[in-house]
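Thanks for coming. Please have the structure open.

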Amino acid sequence: MTQQVIGPAGGSEESGPEGRAVWCEYAWLGAEGIGAAVRVGVDAEGCVSSVLPGVPAQEGDVVLHGVVFPAAANAHSHAFHRALRGRTHDRGGTFWTWRETMYAAAGALTPELYEELATAVYAEMVAAGFTSVAEFHYVHHLADGTPYGEGTGGPHAMELALARAAVRAGIRLTVLDTCYLAGGFGQPLEDGQRRFSDGTAERWLERLGALRATVAALYPEHLVSVGAALHSVRAVPERDLAVIARHLPEGLPLHIHLSEQPAENEDCLAATGLTPTGLLHRHGLVHERLSAVHATHVTGQDIGLLGNARAGVVLCPTTEADLADGLGPAGPFRLAGATLALGTDQHAVVDPWLEMRALEHGERLRTGTRGHFDPETLLDIASSGGARAQGRRGAGIRPGSVADLMAVDPHTTRTAGSTREQLAYTATAQDVRAVVVGGVLAARDGVHAALGEPAALLAAAIARLDAAVRDRTHRSAADTPTREHH
Ligand SMILES: [Zn+2]
């Protein structure tokens with residue numbers, strides 16, 4: 001199966017704001033089911049202006065074969081974790097040994113290395129069907145904790161490296177600038193955590209404000225925007241939570257890693273007498289703009305607090321399985337009123353279809369029954385849920401939605417025989433034949449339209465980061481004896 005752009009080469013990019021359209025052999029129209037021969041009009045802002053089923057393609061249309069769905073929104077990413085894929089399983093490993101390897105990679109990142117790696121990772125995401133990403137970003141400063149400044153790329157060197165990467169890959173980016181101040185309850189930062197920290201909540205808020213102004217001056221909001229994150233209740237002392245609750249700007253998305261591991265809950269209870277959710281609630285931080293990431297080990301009361309507040313819950317099923325986190329109560333969260341979203345987090349897998357499936361499978365394994373999330377709900381979680389977590393307008397095949405689409409081939413080895421309605425239970429990213437961002441073709445058959453093969457980009461970027469990690473290890477080994485003399 002092939003997609004073609006009818007008309008002059010690159011016509012889709014060059015066609016005027018009035019005439020752009022995407023023609024879909026079949027299109028998922030949500031509650032209305034699947035329509036045939038659907039022509040989706042796209043306005044100058046890249047949003048859907050019209051949806052006409054049962055019409056032929058016109059010259060200049062981007063033509064998509066297969067079944068076209070709203071593209072997915074990735075609600076939780078740490079782009080550099082992609083460099084750890086397939087490397088952290090020696091002798092089994094635990095969450096905490098995985099974290100050691102992750103810190104070695106974090107320590108070696110420079111703005112230049114991160115831009116290259118993130119470009120590759122975002123290209124991989126786009127080819128897989130993600131057209132927006134919430135980047136939970138905490139590698140802010142130089143390795144010793146000194147802020148970047150004159151001569152080292154300016155105070156937002158790392159954040160702007162991510163923005164450039166996203167623009168090159170054509171993915172919509174929400175930089176969740178993350179507050180990270182402590183190594184645990186009552187614990188100072190470890191050496192590997194120094195570059196994550198601004199010292200105090202006040203200084204983090206100040207840098208966040210400056211970053212928002214810088215990004216707003218450089219990029220349109222539909223392409224790059226800034227939100228906020230607290231790394232976890234482990235990493236933000238209660239005194240600072242109170243400051244943030246008072247001074248965080250209105251309307252900003254706020255994300256936090258919440259109750260991913262039982263150890264965090266035990267430490268939080270010992271230090272504050274509350275669960276992590278209870279602690280956030282005490283400071284008025286459980287609200288509609290909050291996205292609780294993982295929320296794996298939660299109490300019934302936690303579920304009630306998050307649900308009543310209509311907060312978001314971002315599940316990362318393939319990561320949670322890879323790290324042996326456990327199974328979060330996805331079904332109860334939804335029943336309680338929380339809005340679910342999906343993230344690829346550490347990128348052991350970058351595949352919206354596998355995350356959707358893992359969500360339903362997790363619920364089946366947890367409860368011993370089938371049929372918790374039907375395909376329509378899964379697609380809504382993967383697309384609208386993720387957009388809401390980023391404070392973005394969602395993708396969809398209805399007027400007013402963002403014209404971000406992915407076309408799935410229903411005749412591959414994996415999908416042959418599936419009904420078009422049940423592709424959410426059989427398709428993978430390998431069956432995504434084309435991805436469209438704002439009505440423009442962004443990837444086809446796994447190859448990025450502007451950047452080429454993501455595999456080549458990833459291999460080159462990971463090799464460069466590996467070399468930097470080795471270099472840094474050698475240098476610190478050489479430093480050690482000197483230090484012992486003092
Ligand atoms: Zn995470």
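In helix H2, the buried residues are Phe 95, Trp 98, Arg 99, Met 102, Tyr 103, Ala 105, Ala 106, Gly 107 and Ala 108. Keep in mind that this is a predicted model. H2 covers residues 95–108, which is 14 residues. At 1.5 Å a residue they should span 20 Å, and the end C-alpha atoms of H2 are 21 Å apart, so the two values agree.

Next, a pair of helices. Helix H5 is residues 201–218 and helix H6 is residues 238–247. H5 and H6 pack at an angle of about 35°, and their axes are 9 Å apart. The crossing of H5 and H6 is right-handed. Which residues make the contact? From H5 they are Ala 201, Glu 202, Trp 204 and Leu 205, and from H6 they are Arg 239, Asp 240, Val 243, Ile 244 and His 247. Sorted by type, that contact has five nonpolar residues, one polar and three charged.

The last pair is helix H12, residues 352–367, and helix H13, residues 375–389. Their axes are 10 Å apart, at an angle of about 125°. H12 and H13 are therefore oblique to each other. Their crossing is right-handed. On the H12 side the contact uses Trp 353, Met 356, Leu 359 and Glu 360; on the H13 side it uses Leu 378, Leu 379, Ile 381 and Ala 382. Seven of the residues in this contact are nonpolar, none is polar and one is charged.

Definitions and conventions:
Residues are numbered from 1 along each chain as its sequence is written. This is a predicted model: local features need pLDDT of at least 70, side-chain atom pairs count only at pLDDT 80 or more; totals for chains, interfaces and linings use all residues. Side-chain values use heavy atoms; hydrogens and water are left out. Axes are lines fitted to C-alpha atoms, for helices over the stretch in contact, and angles run from 0 to 180 degrees between N-to-C directions. Helices (H or I, at least four residues) and strands (E, at least two) are DSSP runs, numbered from the N terminus. Angles under 35 degrees count as roughly parallel, over 145 as roughly antiparallel, 65 to 115 as roughly perpendicular and the rest as oblique. A crossing is left-handed if the near helix is turned anticlockwise from the far one by less than a right angle, and right-handed if clockwise. Contact means heavy atoms within 4.5 Å. Ala, Val, Leu, Ile, Met, Phe, Trp, Tyr, Cys and Pro count as nonpolar, Asp, Glu, Lys and Arg as charged, and the others, Gly among them, as polar. The expected span of a helix is 1.5 Å times one less than its number of residues. Buried means under 20% relative accessible area, exposed over 50%, partly exposed in between (1.4 Å probe, protein chains only).
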